[in-house]
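Welcome, and thanks for taking a look. Please bring up the sequence and the model together before reading on.

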Amino acid sequence: MEVDNELDQTLLQQFSCMGTTDKDDLVRQLQKLVGHNMNWSTAAFFLDMNNWNLQAAVCSYFDTQSPVFSMVLVRDVTIGEGESVPPDTQFTKTWRVQNNGDEEWPHGCCLQFTGGVQLCESERIYVEPIQPSAVTDISVEMRSPPTPGIYQSKWRMVTPTGSYFGDVIWVILTVAEGGTLALTQQLSHLSDLGASPPPAVPHMLNPFTRLSSSQNVFQDPSDGGDAAMDLRPSGPE
């Protein structure tokens with residue numbers, strides 16, 4: 001941005017005019033540069049931390065003023081321990097993560113592929129911003145390699161300005177003939193779409209099962225029992 005460039009040029013000009021090594025003078029210069037009513041002790045702390053280098057102290061101060069974002073991996077929702085995928089098969093990898101910091105994630109954060117075997121076409125997956133302590137699931141559509149084996153893929157959260165934060169997220173994928181995870185996910189996907197199991201075949205009731213043990217099919221309804229079907233063959237009229 002033009003404003004940032006002008007600020008950088010102004011700071012550089014001021015630094016070039018500051019050749020003093022007097023510590024009190026350096027404290028006053030740091031207070032003048034950063035403003036924000038910085039007291040003497042704070043200015044001396046940043047200068048001492050940077051061996052009384054004024055430019056380094058200014059950079060350190062502004063670094064501490066930037067928001068710090070955080071993320072922790074809660075668990076692997078899919079592709080957990082002991083699960084395998086057949087070769088050359090599409091599947092969905094899902095992680096559950098939490099914002100365990102004090103700042104809401106900014107808009108434009110992404111999950112970035114940073115190393116290992118790239119198992120999907122996209123290197124960046126957009127992630128919605130979430131509030132502190134909130135939990136969200138991040139899913140990536142992937143495809144297993146054609147050759148059986150164990151593969152690793154490394155991912156990290158990154159801000160819109162390119163700063164990484166939070167835990168390193170791994171995909172540790174076992175590719176094996178006969179892997180059943182893809183089939184399980186396909187069945188789960190059908191369930192999510194609202195597919196219902198086929199209707200049950202109506203049960204054919206056996207008329208004899210409704211009779212009590214003290215009854216028989218030839219019992220006359222006038223005997224006081226429940227009406228029953230008379231299955232006796234009719235005689236000649």
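What follows is a short report on the fold, a helix pair, the salt bridges and a few individual residues.

## About the model

The model is predicted: local features need pLDDT of at least 70, side-chain atom pairs count only at pLDDT 80 or more, and totals for chains, interfaces and linings use all residues. Numbering starts from 1 along each chain as its sequence is written, and side-chain values use heavy atoms, leaving out hydrogens and water.

## Overall make-up

The protein contains five helices and seven strands. Here helices (H or I, at least four residues) and strands (E, at least two) are DSSP runs, numbered from the N terminus. Read from the N terminus on, the order of elements is α-α-α-α-β-β-β-β-β-β-β-α.

Of the 237 residues in the protein, 30% are buried. In terms of relative accessible area, buried means under 20%, exposed over 50% and partly exposed in between, with a 1.4 Å probe and protein chains only. The protein exposes about 15,800 Å², with carbon and sulfur atoms supplying 52% of it; such areas come from the Shrake-Rupley method with a 1.4 Å probe, and for residues only the protein chains shown count as cover. Among contacts (heavy atoms within 4.5 Å) between residues at least 6 apart in sequence, 61% join residues at least 24 apart.

## Helices α2 and α3

Helix α2 (residues 23-34) and helix α3 (residues 40-49) have axes that come within 9 Å and cross at roughly 105°. That makes α2 roughly perpendicular to α3. The axes are lines fitted to C-alpha atoms, for helices over the stretch in contact, and angles run from 0 to 180 degrees between N-to-C directions. Angles under 35 degrees count as roughly parallel, over 145 as roughly antiparallel, 65 to 115 as roughly perpendicular and the rest as oblique.

Which residues make the contact between α2 and α3? From α2 come Asp24, Leu26, Val27, Leu30 and Gln31, and from α3 come Trp40, Ala43, Ala44, Phe46 and Leu47. These residues divide into eight nonpolar, one polar and one charged. In this grouping, Ala, Val, Leu, Ile, Met, Phe, Trp, Tyr, Cys and Pro count as nonpolar, Asp, Glu, Lys and Arg as charged, and the others, Gly among them, as polar.

## Salt bridges

Side chains of opposite charge can pair when their charged atoms come close. The structure holds four salt bridges, each a side-chain nitrogen of Lys or Arg within 4 Å of a carboxyl oxygen of Asp or Glu. One of them joins Arg28 and Asp25 at 3.8 Å, N to O. Both residues lie in helix α2, three residues apart, about one turn of the helix. Arg28 is partly exposed at 48% relative accessible area, and Asp25 is partly exposed at 22%.

Another salt bridge pairs Lys93 with Asp76 at 2.9 Å, N to O. This pair links distant parts of the chain, with Lys93 in strand β2 (residues 90-98) and Asp76 in strand β1 (residues 72-76), 17 residues apart. Lys93 is buried, at 1% relative accessible area, whereas Asp76 is partly exposed at 32%. Arg143 and Asp88 also meet in a salt bridge, at 3.5 Å, N to O. Here too distant parts of the chain are linked: Arg143 sits in strand β5 (residues 135-143) and Asp88 in the loop between β1 and β2, 55 residues apart. Arg143 is partly exposed at 39%, as is Asp88 at 46%.

## Residues worth a look

Val175 belongs to strand β7 (residues 164-175) and is buried, with a relative accessible area of 3%. Val175 and Ile150 are 25 residues apart in sequence, yet 6.2 Å apart in space, C-alpha to C-alpha. Leaving aside neighbours within four places in sequence, Val175 has contacts that include Val85, Pro86, Ser144 and Tyr151.

The loop between β4 (124-126) and β5 holds Ala134, which is partly exposed at 25% relative accessibility. Beyond its neighbours within four places in sequence, Ala134 is in contact with Val97, Gln98 and Asn99. Ser133 is found in the loop between β4 and β5, is exposed at 54%, and has a positive phi of about 75° although it is not a glycine. Asn51, in the loop between α3 and α4 (54-65), has a positive phi near 55° and is exposed at 70%. Most residues other than glycine have a negative phi.
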